[in-house]
Amino acid sequence: MVSAYAREPAPDRWAHRAAVRRRAKTEGPLGAYRAVFRNRGFALFWTGITVSMIGDAITKVALTWYVYQVTGSAVALGWLAFLFTAPVVVGGFAAGWLLDRFDRRRVLIVDSLAKAVVIGSVPLLHAFDALSLAHVYVVAGVYGFLMMIPLAGTPALLPALVGEPHLGTANALETMSYTLSGVVGPPLAGVVIAWIDAPTALAFDAASYLAFVALLTRVVPRPDEPVARRERRVGFHDAIVLLLGNKVLLTTTAMYMAINVGEGAMRVWLPLFTDRVQGGGATLYGILLGAIACGEAISSAVAGMITRPLPLGLLIGVAQTLGFLALAPLLLAGGHVVTLGSLLVYGFLTAPLTIWAQTLRMRIIPAEQGGRSFALLRTLMQSTNPLGGLAAGFAVPVAGLTAVIAATVAVGAIPGLLGLRVRALRAAR
C-alpha cells in the first residue's frame, strides 16, 4: 500500500515544501508553537496528556524504588520492568482495534478512568498495611496492558486536532510532554519517597488521570478532520502490508526496537548504578532521570521550531548512534558530574528520534487506518522493552553491572549505524 503523500505528484510535493519554507520565514522560530496552541482542542489535549505523563513518571520511579527497597534484587527489578511493558504485546492489538472502531477521545477517557482506579489501589492498600509485592506486579501488568492506548491514541488523534503543516510541531510537543514529565516526575517522586514513602507517591498519578479526563471532555476535533470519515473495515492486515512494503517504516521500526531493548535494560541497571556506584538513594536516582529528561526537553523544543523540510531519516540514524555512545563514559564509573553530563547528552540526542520518525509515519500512514497502524508499530517497538529489562535483570548478577551497561551502548549504537546504510531512510524527509 502506498500512502497518499507518496502518491502525490512530484510538482505538488515541491510546491508543498516551498509553502513550508515560506511559512517558516513568516512565522519565525516560535511561530509554529503559537499557531498550534491557538488551537483550543490541541492546547487542552496537550495540557492533559502532559499532566498524566508526569503522574506516570512518578509511578514508575516509585514502584521501581519500592521493589528495590523490599527485595534488593536485580532479578526482581527485571521482572518489574518486564511486567511494566510485556503486556503491551497483547494490549497493543486491542488498542488498535478500539481506536479505529470507536471515538478515539472517548477511548482515552475510559482508559484514564480505569488507570486511576488501578494505580490508586496501591496507596490505598498501603494505607491499610495490605500492600504486597504481588499486587505491585499486577498493577504493573495492567499498566503495561493499557499503555498502548495513549501511545497509539495520541498520534492517531493529533491529525484530527491540527492541520498537516503543523504536524511536526505537534509531534515535537508530544515528545515534550514525555520530556517534561521526566524533568518534573522523577525528582518529585524522589522527594516524596524520601519525605513520605514510595506507595503514597502513586496518589499523584491517580489524580493526574482524573485531571486528564476533565480536559478531554472539553476537546473538540476540527470540523474537517479526516478521521471522522474513516472506513471501519480496515484491519491489521492492511497495517502489516503497509509496514512490510515501506522501507522507511520497516527500518525505523527495527531501529526503535533496538532502542527499547537498551531502555528496558536501563530500567534495571540505572537504579543499581545509582546505589552501588554513585552511592546515592532515591533522590539521586530521580535527579539522574531528570537529567535525561532535561536533555530531552531542550532538544524537543528545538526540534519543534524546525519547519523546513530536512532529511529526517539521516538525522535519525546519526542521533541514535551518538545518543547511545554518550552513555559510554558511565563505564568509567566517574563522579556525579560525569554521570549527569552523560545522561543529559543521551537525552538530548535521543528525544528527537520520536518526533522525526512520527512525522514521517504520519505522512505515510493513511488516516483511516491510523489507529491500527500506530498500534502495530508502537506495539512492535515496545515489545522489546521488557526483553531488555528481563535480560538485564538476569545478566547483572552473572556478567556484572559494567558489562550490561556496555551491552546497552552497543545494542543502541550499532542499529543506528546500520540504519544509515538504507538509502530510502537517508533520503526521507
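## Helix α7 against α11

In this predicted model, α7 passes α11 in a left-handed crossing. The two helices pack at about 160°, and their axes are 8 Å apart. An angle over 145 degrees counts as roughly antiparallel, so α7 and α11 are roughly antiparallel to each other. Helix α11 covers residues 198-216.

The α7 side of this contact includes Arg-105, Leu-108, Ile-109, Ser-112 and Leu-113. Further along, Lys-115, Ala-116, Ile-119, Gly-120, Val-122, Pro-123 and His-126 also take part. From α11 come Pro-199, Thr-200, Leu-202, Ala-203, Asp-205 and Ala-206, together with Tyr-209, Leu-210, Phe-212, Val-213 and Leu-216. By class, the contact has 16 nonpolar, four polar and three charged residues.

## Helix α7 against α8

Helix α7 (residues 104-127) also packs on α8 (residues 133-146). Their axes come within 10 Å and cross at roughly 165°. That angle makes α7 roughly antiparallel to α8. The crossing of α7 past α8 is left-handed.

On α7, the contact uses Asp-111, Ala-114, Lys-115, Val-118, Ile-119, Ser-121, Val-122 and Leu-125. On α8, His-135, Val-139, Val-142 and Leu-146 complete the contact. Eight of these residues are nonpolar, two are polar and two are charged.

## Gly-55 in helix α4

Gly-55 sits in α4, which runs over residues 40-71. Its relative accessible area is 2%, so Gly-55 is buried.

Beyond its neighbours within four places in sequence, Gly-55 is in contact with Asp-205 and Ser-208.

## Thr-350 in helix α16

Thr-350 is part of α16, residues 336-364. With a relative accessible area of 9%, Thr-350 is buried. A polar atom of its side chain lies 2.7 Å from the backbone oxygen of Tyr-346.

## The chain as a whole

The protein chain has 19 helices and zero strands. It holds 429 residues, and 57% of them are buried. Take the contacts with a separation of 6 or more: residues 24 or more positions apart account for 87% of them.

Terms used
Residues numbered from 1 in each chain as written. Predicted model: local features only at pLDDT ≥ 70, side-chain atom pairs only at ≥ 80, totals over all residues. Heavy atoms only, no water. Helix = DSSP H or I, 4+ residues; strand = E, 2+ residues; numbered from the N terminus. Buried < 20%, exposed > 50% of the residue type's maximum accessible area, 1.4 Å probe, protein only. Polar contact = N/O pair within 3.5 Å; in protein donor to acceptor, adjacent residues only side chain to side chain. Axes fitted to C-alpha atoms, helices over the stretch in contact; angles between N-to-C directions. Parallel < 35°, antiparallel > 145°, perpendicular 65-115°, else oblique. Left-handed = near helix turned anticlockwise from the far one by under 90°. Contact = heavy atoms within 4.5 Å. Nonpolar A, V, L, I, M, F, W, Y, C, P; charged D, E, K, R; others polar.
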